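Reader: I am new to reading protein models. Can we take the features one by one?

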Amino acid sequence: MIIDRLFNEVEKNGNVCVGLDTHLDYIPVNLKEKYQDIDEVLFKFNKEIIDKTCDLVPVYKLQIAYYEAYGIKGLLGYKKTIEYLRSIKKITIGDIKRGDISSTAQMYAKAHFEGEFEVDFITLNPYLGFDTLTPYLKYIESGEKGVFVLLRTSNPGAKDIQYLKVSPKDQYLYYIVGDKVDEIGSKYRGSCGYSSIGAVIGGTHVDEAKEIRKRYKNMFFLIPGYGHQGAIGKDVSLYLNKGNGGVINSSRGIITAYKNYEDGGQRFADYARKAVLDMREDIQSERGV
Ligand SMILES: O=C(O)c1cc(=O)[nH]c(=O)n1[C@@H]1O[C@H](COP(=O)(O)O)[C@@H](O)[C@H]1O
């Protein structure tokens, strides 16, 4: 199952998920001048970062908005990047955050689990209701695909809705969502013990971290918020389980790390590698490995 592959990759390479949220402003001028087409610029930047980090990380996440924003050429850059990652056998997360009625969700599933935009995992927003998850299940059942469902996100606005107290037990709404997603996911557990239906848990809030980890023993977490949003190793490692059970995403913190160095423009991929190494060390020192 795909979740076993991810679990094994984490055992081998640690927990860092490189976020390829590639804004043109993040790309050094010298690279932009070399290529005429946006798809090539996006792809070449991503490829250099991938080539310099792929021995250190278990998975890459592409936030699709960064590619959609540049139209057809942008999406071509997305396609080329995920194709390249799959060709070198790296696991891919398409961060698409979809959530819609079943007939439409079927088409989202087809769009991102088959064809030109095929990835291994996608992110889903369940707050339109649990029926919106059903069309993805046949792909998960095949063993080849997985999803990360938003439970409690990293942004300050997570408090607006996800933290509402809900009767009858007067618990946070995200626990109601989490319990249901956990129940649906129980059918799709791999030999590693985790389900191919994972959850997105922002690493920026730490108060309930221990409770969340304990309550959802069989859920693998995608943990965003490290770096630019303020989470540090000590925070995010609370969501891991014996060093596994989660991957920690950093996007800007890795791909724009070069901007802190004078020679950064020429060596952006080296500085991305350094940022990954520093992040790995920060997480590992906290998880006691
Ligand atoms: O699903 C996500 O990946 C996600 C969920 C969440 O709660 N917070 C969050 O920041 N993300 C994504 O994680 C990435 C964070 O980017 P950086 O803040 O630059 O590391 C972006 O792609 C966000 O869209």
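Author: Start with helices and strands. They are DSSP runs, numbered from the N terminus: helices are H or I with at least four residues, strands E with at least two. This is a predicted model, where local features need pLDDT of at least 70, side-chain atom pairs count only at pLDDT 80 or more, and totals for chains, interfaces and linings use all residues. Residues are numbered from 1 along each chain as its sequence is written, and side-chain values use heavy atoms, with hydrogens and water left out.

Reader: What share of residues 15–267 is helix, and what share strand?

Author: That span is 36% helix and 18% strand. Its end C-alpha atoms lie 24 Å apart. UniProt, in an unreviewed entry, places the feature "domain: Orotidine 5'-phosphate decarboxylase" there. UniProt positions use the numbering used here, feature names are shortened, and annotations may be inferred rather than shown by experiment.

Reader: Where does UniProt place the feature "active site"?

Author: The unreviewed entry puts it at Lys 97. Lys 97 sits in strand β3 (residues 91–98).

Reader: Is Lys 97 buried, exposed or partly exposed?

Author: Buried means under 20% relative accessible area, exposed over 50%, partly exposed in between (1.4 Å probe, protein chains only). Lys 97 counts as partly exposed because its relative accessibility is 40%.

Reader: Which residues does Lys 97 touch?

Author: Contact means heavy atoms within 4.5 Å. Leaving out residues up to four places away in sequence, Lys 97 touches Gln 63, Thr 123, Leu 124, Asn 125 and Leu 150. Counted likewise, Ile 254 touches Val 16, Val 18, Ala 272, Ala 275, Val 276 and Met 279.
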